[in-house]
Amino acid sequence: MEAAHAHDDGHDHVPSGLMRYVTTTNHKDIGSMYLWFSFAMFLVGGVMALTIRAELFQPGLQLVRPEFFNTMTTLHGLIMVFGAIMPAFVGFANWQIPMMIGAPDMAFPRMNNWSFWLLPPAASLLVLSLFVPGGGPGAGWTLYAPLTVQQGMGMDLTIFAIHILGMSSIMGSINIVTTILNMRAPGMTLMKMPLFVWTWLITAYLLIAVMPVLAGAVTMTLTDRHFGTNFFNAAGGGDPVMFQHIFWFFGHPEVYIIAIPAFGVVSQILPAFSRKPLFGYASMVYATASIAILSFLVWAHHMYTVGMPVEAQLYYMFATMLIAVPTGVKVFNWVATMWKGSMTFETPMLFAIGFLFLFTLGGFTGLVLAVVPVDVQLHDTYYVVAHFHYVMVAGALYAAFGGVYFWLPKWIGKMYDERLGKIHFWLSIIFFNIAFFPQHFLGLAGMPRRIPDYSLQFADFNMVSTIGAFGFGMAQIFFLYILLKAIRSGEPAPAKPWDGADTLEWTHLPSPAPYHSFEDPPQIR
């Protein structure tokens, strides 16, 4: 009876404890859940990466069976992409977009809750696939046929997990697009939005376009496995190369789904700590949109070695190089934003600058791989692994770290320990380069990726790489300590924690041209 009367006192019943999060429709709560979930998955995927690196510390088979090694490479990739990096940026989107555009919440708050709560079951299925008969999926994160048809029950769980993750992404994206297009405050035109909002608008369209393509690819794999179809089975008239076309038509835009929100975060941080408006706002918007459009036109550069006609190779080579143009526009605009600025180097700025250096390096190695004859030599070697980890880790992950440090005072009302944040940055950047830079040399020397054993000539660089990987892993445990310390006992954050470097203050002003030393100094009027 008391429970029945509890609702009659004229107050809304607000659940507490765990039920608050299960039922919440608050964009900030949901953003926080995405961020914590992504960090948990980051640690799970990190343990898998360290299993791979521990096995590769020396030549020979030390720790794990080759089948388990293959499963680790598969699940590490899937968990890091779909469980760690993408949810982290969706968490940023949930927290920041309504506040940046002056909206009370996201357009569909209940759907927002559902898109998050699809993630833990999907992640559980991926991890569970390790423990079922036949072992986990051992086909690499790209799930190439015909490997996928020969795997055990773990592959079915993986396919199901990918479907659920795709549903989550599509619903989250519909929510983001609707919020941005329909719920901006009066006077905030599209070209006045902070760049982070623009990057998410573009990313959400990409997700809506390509997630169904991945769903189609894994569904065809499923029917090949269980229902007697022959989409990818050459013996039955199918074509395994068709799987690669379908997968990479999803997979290449996916790379930019990961990178573009990172561009947005960096475009908020750099102007704030340079005390200057973002240089070339309009060109940044157009460059981001053109990167997104071009990303649909270059998918087969992952497939130079499948035997496509030389004319097709030529087209994909030039189209891939074309993406370097808008990306270059962005890099030069970021540099021009810092030029002559009153820069300070707090932790978010350090991560943004680290992003700028290392993401550009990853872009250059991508340009190397765009060249057909070079790629034919380097395809499926550790050079490719080094390239995309420079883009994914030093690109997306560093931007995410920068974003957390940048917005944390706004989120929790407390400051993190600046000295510890800088230590985290330096540990991360040093150990990251120790881990991944030698992999360029391994690839150039011909070491294939996804192998548990290797020839003696590769031993030294692999040892260095493994030491770097374990150091990088330890640095992220330190990051967790910094976060918990800030939440529990951080100093109260001032109204403008970055000393007047308020992000909203700097992103909407028209940007003056930078003053060059070889011109007359600007006249003071």
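Start with the lining of the largest cavity, whose residues divide into ten nonpolar, four polar and no charged (Ala, Val, Leu, Ile, Met, Phe, Trp, Tyr, Cys and Pro count as nonpolar, Asp, Glu, Lys and Arg as charged, and the others, Gly among them, as polar). This is a predicted model, in which local features need pLDDT of at least 70 and side-chain atom pairs pLDDT 80 or more, while totals for chains, interfaces and linings use all residues. Residues are numbered from 1 along each chain as its sequence is written, and side-chain values use heavy atoms, without hydrogens and water.

Next, select Tyr34, Met86, Val90, Ser168 and Ser169, which lie nearest the centre of this cavity among its 14 lining residues; a cavity here is a set of points on a 1 Å grid over the protein atoms alone where a 1.4 Å probe fits but cannot get out, and lining residues have an atom within 4 Å of a point. The space inside comes to about 130 Å³.

Colour α4 (66–101), α7 (153–182) and α8 (195–226), each of which supplies at least two lining residues, with α7 giving the most, six; helices are DSSP runs of H or I with at least four residues, numbered from the N terminus.

To see the contact (heavy atoms within 4.5 Å), select Met111, Asn112, Trp114 and Ser115 in α5, which meet α7 residues including Ser168 and Met171.

Definitions and conventions. On a 1 Å grid over the protein atoms alone, a cavity is a set of points where a 1.4 Å probe fits but cannot get out, and a pocket is an open set with protein on both sides within 12 Å along at least five of seven lines; lining residues have an atom within 4 Å of a point. Grid points are joined across faces, edges and corners, and a volume is the space filled by probe spheres set on the points.
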